[in-house]
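Have a look at the structure first.

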Amino acid sequence: MLKNVGGENVSKSKWLLVAILVVSTALILGCAQQQQPTTPAPSGEGKVETLYFGAPISLSGKFAEEGKASLEGMKIAAKWINENGGIKVGDVTYKIEIKAYDDESKKENVQSLIERLATVDKVKFILAPYSSGLTLAAAPIAEKYQVLLNSHGGASDYIFEQGYYYVVQTLSPASRYQTGFLDMVKAKDPNAKRLALVYEDGEFSRAVHEAAREYAKQLGFEIVYEKTYPAGATDLSPILNELKAANPDVLIGGGHFADGQLLAKQLAELKIDLKAISILVAPTFTSFYEALGNKAEGIAGPAQWEVGVKYSPEAAEKLGIEWYGPTQEEFLSAYKEAMGEEPPYQAAEAAAAVLSYAKAIEKAQSLDPAKVREAMNDLEFMSIYGVWKIDPETGKQIGHEMVIIQWQNGEKKIVWPESAANAEPCYPMPTWDEKEGGATCGS
Amino acid sequence: MRNYTPLVTLLLIYAVMIAIGQGIQGMWQPIMLVIFYIAVGQALNIFLGMTGYVNFGYVALLGVGAYGMAVALGYYTDLGLIPALTLGFILAILLAFIVSMVVGGIALRLRGAYFAIATIGVNEGIKYLILGGKIWGGSSGIVLSGILRKAYGAETMRFLSTVFADAGLIVVAILSGIITMYILNSRLGYGLIALREDEDAAKVMGINVRRYKQIAFVISCILAGLIGATAWTLKLTYVFPQDVFAINYTVEAIVIVMLGGAGTLLGPVVGGLIYALLKYYLTIAFPGMQLLILAPLLIIVILLFPEGVVGYLAKAARGTRFEKFVR
């Protein structure tokens with residue numbers, strides 16, 4: 001009898017739980033439904049049609065943050081295009097809509113979403129998923145359906161060495177991450193010849209630094225020291241002691257945030273003075289300066305894009321190329337309004353990918369991916385993100401340059417290339433002893 | 001009494017899925033996603049469902065299988081297409097066999113939760129072995145599409161990564177089902193179910209529990225290796241260590257087995273269908289919100305069918321003429 005009552009209680013509470021779950025699911029469904037974008041009403045004059053750009057993007061999983069920023073960048077670019085006359089092909093004006101799905105940062109999802117975009121949604125222009133791995137997973141399916149795939153978050157060079165024709169790149173490839181810095185050093189001080197490389201043993205940083213080493217040799221640098229450290233390293237002092245003995249002028253290295261910060265910290269502890277340092281990833285974060293204080297002064301690093309770059313219609317005119325898209329101020333304020341913070345570089349590169357499609361479609365005067373791909377071959381324009389120009393054969397980005405940032409007087413300044421810079425490079429950077437005495441760049 | 005009729009149901013489900021995938025535009029990749037999840041569930045079920053032991057290192061077997069195929073195609077390309085592919089399958093099976101013998105030989109001496117704890121680091125361990133030892137391309141992984149295109153031509157590469165990879169995965173998935181059915185009908189299966197219910201009692205009855213568990217473990221692992229070789233290496237044409245040793249696949253496989261019904265033939269099929277289709281359509285209808293909606297739905301299913309959907313159906317079908325077809 002007693003047991004029976006207990007059983008009833010259990011089953012009652014179970015049904016209650018089910019009911020609660022059903023109600024909450026219904027609520028979420030309701031909320032989600034409301035977020036669905038409404039299609040804009042077509043305007044009366046001329047023939048206006050909607051053109052969809054597909055985007056399998058990571059809104060959850062490990063690339064969720066980067067994915068959300070990218071999607072917002074795409075939306076801002078699409079909105080700007082629509083407000084500035086749309087894309088004109090013949091006598092039809094196309095308004096852009098971004099058709100986005102969440103790939104959860106997973107390779108299996110990317111493949112079925114690309115197929116859905118290409119066949120069910122009939123999308124011909126796809127903005128690639130975030131990261132090199134997912135872009136590589138998307139490429140065979142895009143190639144199969146002959147739709148264009150524009151990589152805005154896949155930097156690795158090997159994507160473009162596999163022979164895919166319909167895959168193009170908007171961001172700078174890994175091989176060009178540290179080359180701008182080397183150009184800058186050479187321009188500032190042709191006598192600084194002794195280069196050292198200390199970097200993380202990871203797929204990405206390896207690709208970056210192996211390409212930088214070859215580029216440095218071409219520029220006439222002498223490689224005096226090169227060593228990798230494993231991911232998650234907590235002590236670099238054995239390597240740095242060897243480095244000190246090699247007596248380099250310039251150092252490039254790093255990998256991710258934690259090891260890049262460790263590298264800077266231990267260089268300071270061991271008082272290894274260099275004329276210039278460029279570290280991958282870490283210096284672009286504000287927390288880098290917060291952690292190191294004025295030890296971070298003068299340390300540089302490459303970035304795809306930064307708030308404050310000087311790419312503008314005037315800069316484009318100086319270079320003799322066309323400007324397309326919103327201005328820096330328009331982009332910044334639109335992003336801030338939507339997301340409540342300053343845009344990270346992922347937003348700018350995704351926006352540039354959307355702009356490049358629009359520009360290429362208008363140039364080709366066709367919605368046929370093969371013709372648009374052909375038109376991309378000699379397309380060159382400047383946007384908030386910088387120059388866009390691809391290598392016709394591989395689709396690799398060759399026009400865009402990495403910007404070099406440097407910490408100067410507690411502020412992150414853009415020092416290279418000259419068309420983007422908002423400050424002069426601080427070269428040579430102050431020594432560790434000078435910094436201990438409170439010296440900063442610019443003081 | 002040996003009963004193989006549930007295989008009819010199984011094959012019927014596959015036939016319907018393949019017909020939908022081929023007949024409706026844009027459905028082929030989603031169907032392959034479903035079959036991937038079914039295969040992953042089916043292979044895990046042979047061990048988890050039959051013994052009640054949770055193998056948290058499961059994804060490591062998919063990973064080594066993927067590497068086996070990638071090494072053969074990437075490093076022995078000169079052998080020619082057919083020999084390299086054959087070598088790939090052999091290496092996938094061999095690597096999965098070695099890993100499962102080593103892991104099983106050690107960890108299967110432990111019981112219940114302790115076994116789960118012992119296996120939880122296997123995928124991380126192998127990942128860091130490849131990264132730290134710089135073997136098989138280390139952190140750079142193996143990217144095959146360019147190599148295959150150069151060696152065998154673009155057409156062959158496309159055939160390999162689309163038609164052949166998909167067909168291979170379907171064969172592996174169905175094979176896992178047939179093996180499950182065979183085990184359920186065999187002395188091995190009865191022994192495993194006995195040890196799942198009460199390991200000590202099974203031991204007293206004269207069942208060599210260590211050996212039985214090991215056999216189930218090795219079979220489950222080899223099938224997982226074959227899934228990695230087809231669904232990952234051949235289909236995606238690349239292998240990165242961070243990608244193939246990600247633990248979320250283990251968790252998804254466990255969810256699918258539990259959802260459909262552990263220890264049943266059709267459980268992983270139903271579980272895979274529910275899980276993959278729900279997720280796919282929620283992704284399309286509510287991009288970015290799908291996981292938030294999926295989670296309560298899964299909890300509801302588990303609450304309503306504590307023994308899994310197929311466990312419930314098998315009970316409901318008892319005494320009716322459908323009894324023979326559900327297991």
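In chain A, 10 residues of domain 1 are in contact with 12 residues of domain 2; contact means C-beta atoms, placed from the backbone, within 7 Å. On the domain 1 side, the touching residues split as in the table.

| Class | Residues on the domain 1 side, chain A |
|---|---|
| nonpolar | five |
| polar | three |
| charged | two |

Nonpolar here is Ala, Val, Leu, Ile, Met, Phe, Trp, Tyr, Cys and Pro, charged is Asp, Glu, Lys and Arg, and the others, Gly among them, are polar. Domain 1 of chain A covers 47-172 + 309-388, and domain 2 covers 176-303 + 402-436, with bounds from an automatic or database domain assignment. Their C-alpha centres are 31 Å apart.

A word on ground rules: this is a predicted model, where local features need pLDDT of at least 70 and side-chain atom pairs pLDDT 80 or more, while totals for chains, interfaces and linings use all residues. Residues count from 1 along each chain as written, and chains are lettered from A and ligands numbered from 1 in written order.

Over in chain B, helix H13 (residues 248-260) packs on helix H15 (residues 290-304) at about 40°, axes 9 Å apart. That angle makes H13(B) oblique to H15(B). Val255(B), Met258(B) and Leu259(B) of H13(B) meet Leu298(B), Val301(B) and Ile302(B) of H15(B). By class, that contact has six nonpolar, no polar and no charged residues.

Back in chain A, the C-alpha atoms fill a box of roughly 80 × 75 × 40 Å along the principal axes.

Methods. Axes fitted to C-alpha atoms, helices over the stretch in contact; angles between N-to-C directions. Helix = DSSP H or I, 4+ residues; strand = E, 2+ residues; numbered from the N terminus. Parallel < 35°, antiparallel > 145°, perpendicular 65-115°, else oblique. Contact = placed C-beta atoms within 7 Å.
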